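Subject: Structure for your review

Dear colleague,

Please find below the structure for your review. The message that follows sets out what was found in it.

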Number of protein chains: 4
Amino acid sequence: MIANSRTTRIEWGDCDPAGIIFYARYFEIFDISTTILIERALGMKKIEYLKAYDFLGHPLVETRARFRLPTRFGDEVAIESTLVACGRSSFTIEHRLSNAGALAVEGSETRVWVVRDPVDPKRMKSQPIPAEVVARLTHGGP
Amino acid sequence: MIANSRTTRIEWGDCDPAGIIFYARYFEIFDISTTILIERALGMKKIEYLKAYDFLGHPLVETRARFRLPTRFGDEVAIESTLVACGRSSFTIEHRLSNAGALAVEGSETRVWVVRDPVDPKRMKSQPIPAEVVARLTHGGP
Amino acid sequence: MIANSRTTRIEWGDCDPAGIIFYARYFEIFDISTTILIERALGMKKIEYLKAYDFLGHPLVETRARFRLPTRFGDEVAIESTLVACGRSSFTIEHRLSNAGALAVEGSETRVWVVRDPVDPKRMKSQPIPAEVVARLTHGGP
Amino acid sequence: MIANSRTTRIEWGDCDPAGIIFYARYFEIFDISTTILIERALGMKKIEYLKAYDFLGHPLVETRARFRLPTRFGDEVAIESTLVACGRSSFTIEHRLSNAGALAVEGSETRVWVVRDPVDPKRMKSQPIPAEVVARLTHGGP
């Protein structure tokens with residue numbers, strides 16, 4: 001299974017009047033980590049892999065997060081992201097965000113591979129993840 | 001237990017290149033619903049109840065969400081929020097967001113009542129929810 | 001020229017550690033007001049008018065804002081938006097956001113009507129605003 | 001006058017259904033650049049310099065931006081930020097954001113040094129920028 005690690009900085013505009021990060025911002029951070037994880041596995045930027053595999057995206061069907069320690073503006077945090085399951089049309093990623101070595105947030109997300117519904121182009125439907133993508137997500141790549 | 005219902009509109013700037021809402025925005029929506037739920041129970045705006053009860057806020061310790069149907073810019077959605085548990089220093093709220101009558105997202109969140117740590121003012125610590133607040137959250141109010 | 005007025009509430013997650021709104025949020029507020037202004041003039045939601053007139057959107061080419069008074073979470077603000085100029089392929093809107101009757105922010109924005117570039121679909125290009133749209137923006141509608 | 005350059009990446013969640021960045025995100029990018037510019041001049045993180053100089057922040061009184069070229073998710077952009085004026089209690093910064101060598105956005109912002117109003121702690125008031133800070137902003141530092 002593939003994994004990825006990156007760092008980012010919590011910024012002033014991410015924080016609320018209590019002086020800590022507004023929790024919705026963590027999901028923006030996790031989404032970026034997931035994008036980078038898949039980009040590295042496929043050897044393409046997201047804008048390219050959406051075209052290469054002709055699909056609409058990999059929206060979430062479920063997410064969970066546990067917030068153990070707050071983070072503040074100026075904190076340099078590390079996010080470790082690991083693909084922990086890859087099914088026929090969905091996959092699950094776990095994120096661990098730590099601050100100064102201490103685990104601050106644990107998140108998990110299940111996403112589904114979707115295409116535009118051929119019957120109703122306003123809708124989207126899940127579809128099997130291409131075998132080549134599954135291979136790269138589960139064995140690393142590109 | 002208290003409950004609240006409100007509507008909001010998904011906006012262009014909430015949506016991503018797939019044309020659907022960027023999922024992190026749902027947590028902004030849920031946070032607003034929680035604020036309104038507590039404001040109505042306490043009969044005060046958040047800026048007032050933070051002062052009245054001399055605390056820092058009620059940050060999340062855990063959240064979960066299931067995304068059943070996507071929403072798009074222009075969709076008028078309804079959010080029903082219910083307090084489902086109220087402990088000594090934490091409480092749990094469930095949100096159900098529906099679009100044109102269909103359940104689109106289910107979310108749950110557990111929050112903790114925190115004050116500034118007297119020992120280290122940069123930190124915060126949980127504290128029992130005032131009895132008056134517990135009474136209003138669990139029996140309605142003000 | 002068309003005009004529109006609406007109210008919204010500044011929320012906890014819109015505010016920064018100084019306890020006031022993080023200024024980037026004002027542009028989200030202005031974008032929503034512009035959308036509503038055009039929707040009302042055309043008698044269609046944005047998702048519909050993008051299709052009806054077969055264009056990509058009306059992104060900004062220029063914006064200015066003056067911040068006169070801060071706003072805080074819980075503040076109910078009013079936004080008045082007026083189309084002040086409508087050219088061949090661009091138009092200008094002015095926004096005035098007030099809080100408790102006092103002018104807090106003045107914003108102006110010039111936007112351009114764009115379509116996907118037929119030569120390079122990754123790019124977009126400006127195009128004359130349809131005469132029917134110009135008529136409705138400048139004389140009210142639908 | 002001090003200047004700073006950094007790069008960042010436009011992300012999926014920053015972009016709208018037209019596939020380009022939602023323009024309000026540029027102001028989040030500019031705010032981060034301003035913070036970094038001042039942090040480097042003062043040799044302290046923002047959380048530290050707010051305490052060291054005992055003030056509330058440097059909110060905007062005015063901003064302008066010109067959007068010349070759109071940016072898309074995955075674009076690595078460069079932001080050059082320069083202090084162009086420093087008055088008694090306010091200063092002006094210009095930002096130039098470029099994408100693949102082409103100027104995409106020009107922004108300018110005027111900010112004011114504010115403290116909590118001693119008469120009414122809910123309000124804030126401008127105050128002269130400390131001489132030491134002016135020296136570092138205008139001659140570089142720390």
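How many aromatic pairs does the structure hold over all chains? The structure, which is a predicted model, holds 38 of them over all chains. One of these pairs is formed by A:Y23 and A:F67 in an edge-to-face arrangement, with 5.9 Å from centre to centre and 85 degrees between the planes. This pair links distant parts of the chain, as A:Y23 lies in the loop between β1 (3-9) and α1 of chain A, whereas A:F67 belongs to strand β2 of chain A, 44 residues apart.

Chains A and B

In the interface of chain A and chain B, 28 residues of chain A are in contact with 28 residues of chain B. The area buried between chain A and chain B is about 2300 Å², and carbon and sulfur atoms give 59% of that area.

Which elements of chain A each supply at least two residues of the side that touches chain B? They are α1 (24-42), β2 (60-67) and β5 (102-112) of chain A. The largest share comes from β2(A), with eight residues. By class, the side of chain A that touches chain B consists of 16 nonpolar, one polar and eleven charged residues.

Strand β2(A) also pairs with strand β2 (residues 60-67) of chain B, in the antiparallel sense and over five bridges. Within this pairing, A:R64 has B:R64 in β2(B) as its bridge partner.

Chains C and D

For chain C and chain D, the contact takes 28 residues from each of the two chains. The area buried between chain C and chain D is about 2300 Å², and carbon and sulfur atoms give 58% of it. Of the area that chain C buries against chain D, 22% is supplied by C:Y23, C:F27 and C:F67, more than by any other three residues.

Across the interface of chain C and chain D, four salt bridges are found by the rule. In one of them the side chains of C:E62 and D:R66 meet, at 3.2 Å from N to O. Ten residue pairs, both residues at pLDDT 80 or more, are in polar contact between chain C and chain D.

On the side of chain C that touches chain D, the elements that give two or more residues are α1 (24-42), β2 (60-67) and β5 (102-112) of chain C. Strand β2(C) gives the most, with eight residues. This side of chain C has 16 nonpolar, one polar and eleven charged residues.

Finally, β2(C) and strand β2 (residues 60-67) of chain D pair over five bridges in the antiparallel sense. In this pairing, C:T63 stands opposite D:A65 in β2(D).

Yours sincerely

Definitions and conventions:
Residues are numbered from 1 along each chain as its sequence is written. Chains are lettered from A and ligands numbered from 1 in the order in which they are written. This is a predicted model: local features need pLDDT of at least 70, side-chain atom pairs count only at pLDDT 80 or more; totals for chains, interfaces and linings use all residues. Side-chain values use heavy atoms; hydrogens and water are left out. Contact means heavy atoms within 4.5 Å. Buried area is the accessible area (1.4 Å probe) that two parts lose on being put together, summed over both. Helices (H or I, at least four residues) and strands (E, at least two) are DSSP runs, numbered from the N terminus. Ala, Val, Leu, Ile, Met, Phe, Trp, Tyr, Cys and Pro count as nonpolar, Asp, Glu, Lys and Arg as charged, and the others, Gly among them, as polar. Two strands pair if DSSP finds at least two bridges between them. Rings of Phe, Tyr and Trp (its six-membered ring) pair if their centres lie within 6.5 Å; planes under 30 degrees apart count as stacked, over 60 as edge-to-face and the rest as tilted. A polar contact is a pair of N or O atoms within 3.5 Å; within protein, one must be able to donate a hydrogen and the other to accept it, and residues adjacent in sequence count only if both atoms are side-chain atoms.
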